[in-house]
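Thanks for coming. I will go through one structure today, beginning at the ligand and ending with the helix pairs.

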Amino acid sequence: MFTARSAFSAIGRRAFSVSAQQNSKVTVLGAAGGIGQPLSLLLKLNPRVSELALYDIRGGPGVAADISHVNTKSKVTGYDAVPEQLKAALEGADIVLIPAGVPRKPGMTRDDLFKTNASIVRDLAKAAANHAPNAKLLIISNPVNSTVPITAEVFKSKGVYNPKRLFGVTTLDVVRASKFISEIQGTDPANEEVTVIGGHSGVTIVPLLSQSNHPSIDGETREALVKRIQFGGDEVVEAKGGAGSATLSMAFAGSRMADSLLRASYGETGIFEPAFVQSPLYKDDGCEFFSSRIELGPEGVKEIHPVGKVSKYEEGLIATALKDLATNIKKAWHLVPHSFMPLLTPI
Ligand SMILES: NC(=O)c1ccc[n+]([C@@H]2O[C@H](COP(=O)([O-])OP(=O)(O)OC[C@H]3O[C@@H](n4cnc5c(N)ncnc54)[C@H](O)[C@@H]3O)[C@@H](O)[C@H]2O)c1
């Protein structure tokens with residue numbers, strides 16, 4: 001399992017051990033933001049990344065100049081918000097991460113961001129479909145439950161959609177779950193793995209504690225733990241008092257997801273990450289996208305694993321999640337692909 005500790009000791013080791021053939025271009029759209037900056041820095045430390053393209057509507061070149069002084073081998077280039085630069089940032093990318101958009105303020109749900117972020121992601125997805133149709137796309141911008149279906153529709157409308165390559169990043173829910181359960185149990189989070197399924201907001205986030213190392217957690221402790229995992233983002237939003245949402249822990253989670261995909265693309269096997277992808281698991285319930293345990297391979301999604309045996313309590317959580325998730329997905333389909341909304345980003 002990839003934990004904070006293993007990430008950094010591994011980065012140090014791998015800087016010298018990854019083969020010279022492991023050269024990937026990674027592009028970050030929204031690279032100058034609260035998530036974008038630390039995420040770009042962590043990607044600069046990844047020895048599998050040979051080229052880092054940092055694009056933002058403001059400040060991309062500045063962040064790139066700063067990060068480029070870190071003495072790892074990758075080349076870092078910043079791009080401004082003009083169509084040729086967005087094109088150059090995307091061309092040849094193996095992985096594109098999208099944290100562009102606005103974050104939540106106290107009292108807001110992720111769905112409240114739909115109006116602004118849906119069109120930002122839609123426009124960036126159009127550019128990605130045009131200039132990096134074969135890249136693996138990692139959508140971080142919220143509401144992930146809707147921005148991922150939007151991206152899929154954009155790619156379909158351009159005839160370049162491959163569901164194996166589109167991921168909503170839910171890794172932070174998994175990171176939080178292992179940390180929070182370790183705090184209750186007094187264990188090392190490095191040894192805790194909690195599969196989190198569903199979507200990425202409130203009650204659509206379903207941690208499967210019955211499949212963790214501590215299936216006997218129940219009663220009020222279970223209630224509080226599940227709630228903390230589902231609404232962990234609110235803790236950060238409240239603590240920041242209007243200055244944004246989770247950025248540093250999200251950068252860690254996004255960098256872990258990108259690294260898992262890079263390792264899988266170079267042939268490493270046995271790599272599992274929950275992620276919000278097009279999935280057959282609950283399609284009949286109106287949820288064409290669903291996060292569950294995914295095995296990664298060179299193409300992206302190698303296999304979507306079934307949810308497996310869950311408790312009665314978790315069956316209830318899943319039923320509640322599916323209702324919200326179906327609504328979030330349907331909402332996305334109203335926006336694309338032939339929306340009349342003006343483009344916010346040059347393509
Ligand atoms: N998936 C997750 O687990 C998760 C966790 C935390 C936050 N988020 C989401 O990530 C997004 C970013 O959060 P943040 O805290 O970094 O916000 P931020 O406001 O600090 O940064 C966003 C960046 O996006 C840029 N941007 C805006 N429109 C753009 C466009 N059209 N093209 C390129 N860049 C553009 C802005 O200039 C800014 O630099 C939010 O939607 C937030 O809700 C997701």
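Helix α5, residues 114–131, supplies 3 residues to the shell around the ligand, the largest share of it. Please keep in mind that this is a predicted model. Around the ligand there are 34 residues, and those that come nearest are Gly30, Gly33, Gly34, Ile35 and Asn142. By class, the shell has 18 nonpolar, 13 polar and 3 charged residues.

Now the domains themselves. The protein is divided into these two, domain 1 covering 22–169 and domain 2 covering 171–332. Their C-alpha centres are 21 Å apart. In the contact between them, 41 residues of domain 1 meet 41 residues of domain 2. On the domain 1 side, the elements giving two or more residues are β1 (24–29), α2 (36–44), β4 (95–98), β5 (136–139), α6 and β6 (166–168). Which of these has the largest share? That is α6, with 7 residues on the side of domain 1 that touches domain 2. This side of domain 1 is made up of 24 nonpolar, 8 polar and 9 charged residues.

A detail of the backbone comes next. The loop between β5 and α6 holds proline 143. Asn142 has come up already, as one of the residues that come nearest to the ligand.

On to helix packing. Two packed helices are described by the angle between their axes together with the distance between those axes. For helix α6 (residues 144–157) and helix α11 (residues 312–333), the axes come within 8 Å and the crossing angle is roughly 40 degrees. Angles under 35 degrees would count as roughly parallel, and α6 is therefore oblique to α11. The crossing of α6 past α11 is right-handed. From α6, the contact uses Asn145, Ser146, Pro149, Ile150 and Glu153, and from α11 it uses Leu325, Asn328, Ile329, Lys331, Ala332 and Trp333. Those residues divide into 6 nonpolar, 3 polar and 2 charged.

The other pair is helix α4 (residues 83–90) with α5, the helix I began with. Here the axes come within 9 Å and cross at roughly 60 degrees. How are α4 and α5 oriented to each other, oblique or parallel? They are oblique, since the roughly perpendicular range runs from 65 to 115 degrees. α4 passes α5 in a right-handed crossing. The contact involves Leu86, Lys87 and Leu90 on α4, with Ala127, Ala128 and His131 on α5. Of the residues in this contact, 4 are nonpolar, 1 is polar and 1 is charged.

Definitions and conventions
Residues are numbered from 1 along each chain as its sequence is written. This is a predicted model: local features need pLDDT of at least 70, side-chain atom pairs count only at pLDDT 80 or more; totals for chains, interfaces and linings use all residues. A residue is near a molecule or strand if its C-beta atom, placed from the backbone, lies within 6 Å of it. Helices (H or I, at least four residues) and strands (E, at least two) are DSSP runs, numbered from the N terminus. Ala, Val, Leu, Ile, Met, Phe, Trp, Tyr, Cys and Pro count as nonpolar, Asp, Glu, Lys and Arg as charged, and the others, Gly among them, as polar. Axes are lines fitted to C-alpha atoms, for helices over the stretch in contact, and angles run from 0 to 180 degrees between N-to-C directions. Angles under 35 degrees count as roughly parallel, over 145 as roughly antiparallel, 65 to 115 as roughly perpendicular and the rest as oblique. A crossing is left-handed if the near helix is turned anticlockwise from the far one by less than a right angle, and right-handed if clockwise. Two residues are in contact if their C-beta atoms, placed from the backbone, lie within 7 Å. Domain bounds come from an automatic or database domain assignment.
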